[in-house]
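Subject: Structure handover and notes

Dear colleague,

Please find below the structure that I am handing over to you. My notes on it come after the sequence and the coordinates.

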Amino acid sequence: MSQWSEGGAGQKALAYPFYIDIVTKRYFDGVDNKNLAQVLNCFSEDAVLTEVTSGTVHTGRDEGIARMFEKLFADFSDIWHGNFVHTADPDSNTVCSQFTVLITPHGGDELRYENCNRFYLKDRLFHRVYVYMSGDNLLQPGDA
C-alpha cells in the first residue's frame with residue numbers, strides 16, 4: 001500500500017462485522033467500563049483524535065489520547081454509549097457511528113449527548129478519529 005491517507009485509495013477492506021466489533025465491543029465497551037488498556041488497544045501508536053466541535057486535538061495513543069481518557073474516567077462516575085447507528089465503508093476502511101451518551105459527573109446530574117464519531121482505520125486500528133458532540137466538549141486534554 002502506498003502512503004496512508006484518510007479514506008484514500010489502496011485501503012485493505014475488512015469484513016463489515018469487524019468495524020462494528022472494534023467500535024462497539026472493543027472501543028465503547030472499554031470506555032463505558034473505564035478500561036484504559038482496552039480502549040488504547042483500538043488505536044495505532046501515532047493516532048490522532050480530534051473533538052471537532054471545539055477543535056481539541058489529542059495526538060499519540062500513549063500520550064495525548066491516553067491522558068484524555070484518564071481525565072475522562074476520573075471526571076465522570078458513570079459513562080454509557082448506546083443506540084448505535086453505524087455506516088461502514090470497507091473500501092475506504094472507515095466507519096461512522098451515531099449514538100447516545102449518558103454520562104454523570106461526580107456529584108452531578110446525568111448529561112445526555114447525541115454524538116457522531118468518524119473512525120479511519122489503518123492496519124486494523126483507529127488511526128484518525130473525529131468526534132462531533134452535541135454539547136460541551138467532555139474530551140479535555142490534561143492530567144487526571
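This is a predicted model: local features need pLDDT of at least 70, side-chain atom pairs count only at pLDDT 80 or more; totals for chains, interfaces and linings use all residues.

Residues are numbered from 1 along each chain as its sequence is written, and side-chain values use heavy atoms, with hydrogens and water left out. Helices (H or I, at least four residues) and strands (E, at least two) are DSSP runs numbered from the N terminus.

Aromatic residues

Rings of Phe, Tyr and Trp (the six-membered ring for Trp) are paired if their centres lie within 6.5 Å, and a pair is called stacked when the planes are under 30 degrees apart, edge-to-face when they are over 60, and tilted for the rest. By this rule there are 14 aromatic pairs. One of them joins Phe69 and Phe73, a tilted pair with 5.8 Å from centre to centre and 40° between the planes. These two residues are 4 residues apart in helix 3 (residues 60-75), so about one helical turn separates them. Both Phe69 and Phe73 are buried, where buried means under 20% relative accessible area, exposed means over 50%, and partly exposed lies in between (1.4 Å probe, protein chains only). Tyr27, Phe28, Phe43, Phe69, Phe73, Phe84, Phe99, Phe119 and Phe126 form one aromatic cluster.

Phe73 itself has a relative accessible area of 11%. With neighbours within four places in sequence left aside, Phe73 is in contact (heavy atoms within 4.5 Å) with Gly30, Val31, Lys34, Asn35, Leu36, Val39 and Ile79. The C-alpha atoms of Phe73 and Pro105 are 9.8 Å apart in space, although the two residues are 32 residues apart in sequence.

The cavity

A cavity is defined on a 1 Å grid over the protein atoms alone, as a set of points where a 1.4 Å probe fits but cannot get out, and its lining residues have an atom within 4 Å of a point. Grid points are joined across faces, edges and corners, and the volume is the space filled by probe spheres set on the points. The structure holds 1 cavity of 30 Å³ or more, and the largest cavity contains about 180 Å³ of space. Its lining is made up of 18 residues, of which Leu72, His81, Asn115, Met133 and Leu139 lie nearest the centre. Helix 1 (16-32), helix 3, strand 3, strand 4 (94-105) and strand 5 (111-122) are the elements that give two or more residues to this lining. By class, the lining has 15 nonpolar, 3 polar and no charged residues, with Ala, Val, Leu, Ile, Met, Phe, Trp, Tyr, Cys and Pro counted as nonpolar, Asp, Glu, Lys and Arg as charged, and the others, Gly among them, as polar.

His86, in strand 3 (residues 76-89), counts as buried at 18% relative accessibility, and its side chain makes a polar contact of 2.7 Å with the side chain of Ser97. Ser44, in strand 1 (residues 43-51), is buried with a relative accessible area of 9%, and a polar contact of 2.8 Å joins its side chain to that of His127. Beyond four places in sequence, Ser44 is in contact with Arg61, Leu125, Phe126 and His127.

Loop residues

His106 lies in the loop between strand 4 and strand 5 and counts as partly exposed at 48% relative accessibility. A polar atom of the His106 side chain lies 3.0 Å from the backbone oxygen of Ala74. Gly107 is found in the loop between strand 4 and strand 5 and counts as exposed at 91% relative accessibility.

Most residues other than glycine have a negative phi. Lys34, however, has a positive phi of about 50°; it lies in the loop between helix 1 and helix 2 (36-40) and is partly exposed, with a relative accessible area of 30%. Asp123 has a positive phi near 55°, and this residue, in the loop between strand 5 and strand 6 (125-132), is exposed with a relative accessible area of 58%.

Kind regards

How values were computed
A polar contact is a pair of N or O atoms within 3.5 Å; within protein, one must be able to donate a hydrogen and the other to accept it, and residues adjacent in sequence count only if both atoms are side-chain atoms. On a 1 Å grid over the protein atoms alone, a cavity is a set of points where a 1.4 Å probe fits but cannot get out, and a pocket is an open set with protein on both sides within 12 Å along at least five of seven lines; lining residues have an atom within 4 Å of a point.
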